[in-house]
Amino acid sequence: MFLGGAQAPAPKNISGNLLHMNVHEYQAKAILGKYGAPVPRGKVAATPDEAAAAFEFLGEPQAVVKAQIHAGGRGKAGGVKLVSSAEQARSFAASLLGKPLVTHQTGPEGRVVRRVYVEAASQVSRELYLAMLVDRKSEAPAIIASAAGGMDIEEIARTSPEQILTEPIDITIGVAGFQSRKLALALGLRDRQITEFHNLLGALYRAFFDTDASLIEINPLVVTSEGRLLCLDAKMVFDDNGLFRHPELQELRDPEEEDPSEREASKYNLSYVQLNGNIGCMVNGAGLAMATMDIIKFHGAEPANFLDIGGGADAQKVAAAFKILLSDPRVKAVLINIFGGIMRCDVLAQGVVEAARQVGLNVPLVVRMEGTNVEQGRQILNASGLKIIAATDMEDAARRVVALASSK
Ligand code: GDP
Ligand code: MN
């Protein structure tokens, strides 16, 4: 989990970039390696035999076999193991592949491991934390570093935040030598390591900038027993808005790691992000969607999702969006909050009625609708026979939907 901004796991993070793409560790390391960051040699494997072959290929006395899922916390969950033979690599891979791995970042259902990464093992003398992200406070990319790297960084961030250093990057200059030196010394690096660290930051920043990344996280960045710096773990997240410029990155997308609802939503070009609450929200316009989530929280409940159906949605798109909401078992009540500008209220109403007929409406539905053709829209909803609670305004809508969701 990254340390910048809100404490939301990146796959569900909506406070930074609304839409973003994760890649696997082995893919992130390949990218960072190309930019000159020191990463261990490794080979990805999809079967136990491939894992054994990868061990032979590396030709090292020891290797580390690592589960590849879009979540951290693998070490503590038994998803990372040091092995000393091809046989051991094979049997550990066999124990992981095809099964869910549950870590503190995956939720109780875990993530199915479909690949493992077999990497030359390193002798570790120290574990540091290093990340680069878009820092909202300084409105710039920033370097986050800590001498207390490794598997307990979240705990450190909570209990001793002073051990976490932040250094904003001036985009007209890049990472300046004095910044690298300042951080390196604070991390306890010396002599040649300071130059290595500066080179590493340069490589990370070039990768960050070129790929339109929103996050690079190296945890741990290690000092090996020979005193060299090495990126032992790597996570990269890319801003979806920049992806059209990077067809090679789009190919790294792993749909099996994406939330099925989010996948369905992207088919219809809906902006959808799943959250942890129980009120399903369907809204048009990102601003109104944010305001709707805020007002739900203000009334003491949590939204189950962020969903922006956009300005020019047709009935089919509305129906698709509504179905996604209703298919989420955690949703105890739905709030539709639409301002009909470009979007017409009658079109919205048609879509809602269509979807409700197809999948059945088994939770209370509160609708707040204003704007173009609002009267026709209300008539369609009233004539539908569906049990719909019409709200007078946003405040009223939020209060009602929160009461309904909590009484269930
Ligand atoms: P995460 O738990 O999902 O973040 O996975 P990591 O890639 O960070 O691995 C977890 C831990 O395994 C690291 O913090 C290291 O302590 C350890 N580890 C991983 N690779 C090696 C290695 O090559 N040598 C040693 N000694 N430890 C390793
Ligand atoms: Mn890690």
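This is a walk through a predicted model, one selection at a time.

Some ground rules before you click. Local features here need pLDDT of at least 70 and side-chain atom pairs count only at pLDDT 80 or more, while totals for chains, interfaces and linings use all residues. Residues are numbered from 1 along each chain as its sequence is written, chains are lettered from A and ligands numbered from 1 in the order in which they are written, and side-chain values use heavy atoms, with hydrogens and water left out.

**Stop 1: the manganese ion**

Select ligand 2, the manganese ion, and look for its protein donors: Asn219 (O) and Asp233 (OD), lying 2.2 Å from it. Donors are N, O and S atoms within 2.8 Å of the metal (3.2 Å for Na, K and Ca); water is not among the atoms, so sites may look incomplete. Now colour by secondary structure. Asn219 sits in strand E11 (residues 213-224) and Asp233 in the loop between strands E12 (229-231) and E13 (235-239), so this pair ties together parts that are 14 residues apart in sequence. Helices (H or I, at least four residues) and strands (E, at least two) are DSSP runs, numbered from the N terminus.

Is Asn219 buried or exposed? Asn219 is buried, at a relative accessible area of 13%. Buried means under 20% relative accessible area, exposed over 50%, and partly exposed in between, with a 1.4 Å probe and protein chains only.

Stay on Asn219 and show the backbone. A cis peptide bond joins Asn219 to Pro220, with omega about 10 degrees. Pro220 is also placed in strand E11. Most peptide bonds are trans.

**Stop 2: ligand 1**

Next, select ligand 1 and show what surrounds it. Of the 16 residues around this ligand, Lys66, Arg74, Gly75, Ser122 and Glu127 come nearest. To count as near, a residue needs a heavy atom within 4 Å.

- Lys66: a polar side-chain atom is 2.5 Å from an oxygen atom of ligand 1.
- Gly75: here a backbone N or O atom lies 2.8 Å from an oxygen atom of the ligand.
- Glu127: an N or O atom of the side chain is 2.5 Å from a ligand oxygen atom.

Switch to a surface view. Taken alone, ligand 1 exposes 570 Å², and the protein buries 83% of that. Those areas come from the Shrake-Rupley method with a 1.4 Å probe; for residues, only the protein chains shown count as cover.

**Stop 3: His24**

Jump to His24, in the loop between strand E1 (20-22) and helix H1 (25-34). His24 counts as buried, at 1% relative accessibility.

Leaving aside neighbours within four places in sequence, His24 is in contact (heavy atoms within 4.5 Å) with Gln68, Ile69, His70, Arg115, Asp254 and Glu257.

**Stop 4: the nonpolar cores**

Now show Leu130, Phe197 and Ile216, the residues with the most contacts inside the largest nonpolar core, which has 38 residues. A nonpolar core is a set of buried Ala, Val, Leu, Ile, Met, Phe, Trp, Tyr and Cys residues joined through side-chain atoms within 4.5 Å. Elements giving two or more residues to this core include strand E8 (124-135), helix H5 (177-186) and helix H6 (192-210). H6 gives the most, with 9 residues.

Zoom in on Phe197. Beyond its neighbours within four places in sequence, its contacts include Leu130, Leu183, Leu187, Leu221 and Leu229. Apart from this core lies another, of 35 residues, among them Tyr272, Met282, Phe322 and Ala355.

**Stop 5**

Most residues other than glycine have a negative phi. Glu139 lies in the loop between E8 and E9 and is exposed, with a relative accessible area of 72%.

Then go to Asn269, where phi is also positive, near 60 degrees. Asn269 is in the loop between helix H8 (260-267) and strand E14 (271-274), and is exposed at 65%.

Finally, draw a line from Gly72 to Met282: the two are 210 residues apart in sequence and 31 Å apart in space, C-alpha to C-alpha. Gly72 lies in the loop between strand E3 (63-67) and strand E4 (80-83).

How values were computed. Polar contact = N/O pair within 3.5 Å; in protein donor to acceptor, adjacent residues only side chain to side chain.
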